[in-house]
Amino acid sequence: MITVAIIEDEPAVRKEIAYLIQQETNTELVGWADSVHKAIKLLEEKQPDVILMDIQLKDGTAFDLLKKLNPIPQNIIFITAFNHFAIKAIKYGALDYLLKPIDEVELHEALERYRRRRENNPQWMQQLSLAQNSIQIGELPESIVLNSINNTRIVSVSDIVYCKGDGPYTFFFLSNGDKELISRPLKYYEELLPAPHFLRTHQSYLVNQQYISGINRSEYIVLKNKEEIPISTRRKNAILTQLFSKK
């Protein structure tokens, strides 16, 4: 049996989540709150196994709430709208989240992940801080969290040489020669690593512009390490414009 608390200030969303939780086996809803003030009391009293928490509450944000809890819980699934300003920040920090309207299958899968979790994440505070800082600065952060098959790693954006997509997976090639395999498609990271910092040169490649040394016959981008990255025909003009417009 796992216990769940809902921190959400929209009554309709809160009602829908409560209904979905009731459909889950071995899952108990122990309470809800619609503000930072009420949430603190609820979480301290109930100590739920899982917290479903909206980013924006009527008297503050989820991060305002977390600052007032000691210790800060790791069992959080954030809730946000697709067009909310915080969605990219959550992705930068590789935090668990659900999009409104809440999908029954996605909620079930999120709860199952917490059932399987056995150990604390030693990098949780760094992930949370990264997401919060991304919201505050409103631009490309200095670091991004990569949840690979084997570990969770915080990587400096400037150390990413290029990304290579392979269906539902993305390979990250780093400046120190490391390679990380992440179970997210390249499009997911194209939204997080946007132009002009990164160039989508090909359906399968996203390249950090600071590692580009030149162009080979307008067919390949040449990196400083001498690797060649293909340029798709339909992207060629746009890429050449981006690379040489300032020259």
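Predicted model: local features only at pLDDT ≥ 70, side-chain atom pairs only at ≥ 80, totals over all residues.
**Pockets and the annotated aspartate**

The lining of the second largest pocket comprises six nonpolar, three polar and two charged residues.

The largest pocket has a volume of about 1,000 Å³. It is lined by 32 residues, of which A94, D96, R113, N147 and R184 are the closest to its centre. Two or more lining residues are given by each of the elements β7 (97-100), α5 (104-116), α6 (124-137), β8 (143-147), β12 (179-182) and α7 (186-192). The greatest share comes from α5, which gives four residues to the lining of the largest pocket. In terms of class, this lining consists of 16 nonpolar, eight polar and eight charged residues.

An unreviewed UniProt entry annotates D54 as "modified residue: 4-aspartylphosphate". D54 belongs to strand β3, which covers residues 50-54. This residue is classed as buried because its relative accessibility is 4%, under the 20% cut-off. Apart from its neighbours within four places in sequence, D54 is in contact with I7, E8, D9, E10, A62, I79, T80 and K100.

T80, one of these contacts of D54, is located in strand β6 (residues 76-81). With a relative accessibility of 0%, T80 is likewise buried. When neighbours within four places in sequence are set aside, the contacts of T80 are D54, I55, I87, I90, L98, L99 and K100.

Notes. Residues numbered from 1 in each chain as written. Heavy atoms only, no water. UniProt positions renumbered as here; feature names shortened; annotations may be inferred. Buried < 20%, exposed > 50% of the residue type's maximum accessible area, 1.4 Å probe, protein only. Contact = heavy atoms within 4.5 Å. 1 Å grid on protein atoms, 1.4 Å probe; cavity = no way out; pocket = protein on both sides within 12 Å on 5 of 7 lines; lining within 4 Å. Points joined across faces, edges and corners; volume = space filled by probe spheres on them. Nonpolar A, V, L, I, M, F, W, Y, C, P; charged D, E, K, R; others polar.
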